[in-house]
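Hi,

Here is the structure I said I would pass on.

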Amino acid sequence: MVEDRNNSKLNLSISKLLEVEEHIWSPMYGLKGNIDATVQVACREDKMEKNLVVPLELKTGRRDTNQSHRAQTALYTLLLSDRYGKW
């Protein structure tokens with residue numbers, strides 16, 4: 001069970017590790033990056049289940065809600081959608 005900033009809850013589980021330290025480049029957006037891990041997740045909401053490809057970024061150090069970390073993950077999600085054709 002995962003809870004977001006708005007206290008919404010979602011059943012989420014990692015079902016497959018697709019890539020580690022994936023170097024990704026998007027000619028469409030002109031961006032590139034290095035994703036710590038690319039994973040497939042099973043997302044269950046109500047009675048509907050979706051499989052999504054998402055970036056997993058590991059941050060060490062103190063617990064921080066840094067906006068730059070969120071922006072990095074959002075951009076990696078955009079790059080993955082270009083590569084894998086999924087949102």
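**What packs against the helix**

The buried residues of α1 pack against β2 (9-26), β3 (31-45) and β4. Some ground rules: this is a predicted model, where local features need pLDDT of at least 70 and side-chain atom pairs count only at pLDDT 80 or more, while totals for chains, interfaces and linings use all residues. Residues are numbered from 1 along each chain as its sequence is written, and side-chain values use heavy atoms, with hydrogens and water left out.

Helices (H or I, at least four residues) and strands (E, at least two) are DSSP runs, numbered from the N terminus. Buried means under 20% relative accessible area, exposed over 50%, partly exposed in between (1.4 Å probe, protein chains only). Contact means heavy atoms within 4.5 Å.

So which residues of α1 are buried? They are Tyr76, Leu79, Leu80 and Ser81.

Proline 55 sits in strand β4 (residues 48-56) and counts as buried because its relative accessibility is 11%. Leaving aside neighbours within four places in sequence, proline 55 contacts Ile35, Ala37, Thr73, Tyr76, Thr77 and Leu80. Proline 55 and leucine 80 are 25 residues apart in sequence, yet 7.7 Å apart in space, C-alpha to C-alpha.

Cheers
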